[in-house]
Amino acid sequence: MATNIYKILFLRLFSEILDGPAEVIFVPQPNKMNGTLLMSIKEGDNFGPSKCLADCNPPCNMTWGYKDSTGFVDVASNGGELLPQKVKRDMVFFSCIAEGRIGQAAKGSIFLEVICKFHVE
């Protein structure tokens with residue numbers, strides 16, 4: 001009987017320790033259009049700071065990046081907090097990836113509608 005209790009406690013502890021992530025959440029939360037997170041922003045303005053949160057135990061490794069015409073680019077972040085990034089006209093989206101210790105990962109993306117600025121002199 002005691003062996004069964006130890007098994008139950010071990011399984012419960014194991015499942016609590018190695019948990020997540022199921023999803024990522026952005027703060028502040030951008031607008032959602034047809035299920036897609038979307039932000040309108042002017043070329044040259046800063047995207048961020050922005051936080052990426054995920055429920056993980058132990059804590060997830062959080063990384064940020066963006067996609068532009070050259071591919072995917074990793075960017076500087078402080079854990080889940082993205083430092084301000086100057087927006088270029090060819091940027092498509094910013095993504096946060098939360099990686100758990102047991103190989104699970106969750107990804108979220110904020111798509112950009114970049115408003116190009118033209119200089120008329």
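In what order do the elements of the protein chain run from the N terminus on? The order is α-β-β-β-β-β-β-β-β-β-β-β-β, that is, one helix and twelve strands. Both kinds of element are DSSP runs numbered from the N terminus, with helices (H or I) of at least four residues and strands (E) of at least two.

Colleagues, a word on the source before the details. The model is predicted, so local features need a pLDDT of at least 70 and side-chain atom pairs count only at pLDDT 80 or more, whereas totals for chains, interfaces and linings use all residues. Residues are numbered from 1 along each chain as its sequence is written, and side-chain values use heavy atoms, with hydrogens and water left out.

I turn to the sheet. Six strands form an open sheet with mixed pairing, in the order S2-S3-S12-S11-S6-S7. Its edge strands, each pairing on one side only, are S2 (31–33) and S7 (71–75). Two strands are said to pair if DSSP finds at least two bridges between them. On average, and with direction ignored, neighbouring strands of this sheet are turned by 35° against each other; the axes are lines fitted to C-alpha atoms, and angles run from 0 to 180 degrees between N-to-C directions.

Consider next strand S12, residues 105–115. With S3 (residues 36–42), S12 pairs in the parallel sense over five bridges, and Met39 has Leu112 of S12 as its bridge partner. With S11 (residues 93–99), S12 pairs in the antiparallel sense over seven bridges; here Ile97 stands opposite Lys107. The hairpin of S11 and S12 has five residues between the strands, and Gly103 takes a positive phi near 95° there.

Is Asp68, my next residue, buried or exposed? Asp68 lies in strand S6, residues 61–68. Asp68 counts as buried because its relative accessibility is 5%, where buried means under 20% relative accessible area, exposed over 50% and partly exposed in between (1.4 Å probe, protein chains only). Leaving aside residues up to four places away in sequence, Asp68 touches Val73, Lys88, Asp90, Met91 and Val92; contact means heavy atoms within 4.5 Å.

Finally, the chain as a whole. Of the 121 residues in the protein chain, 31% are buried. Among contacts with a separation of 6 or more, 64% are between residues 24 or more positions apart.
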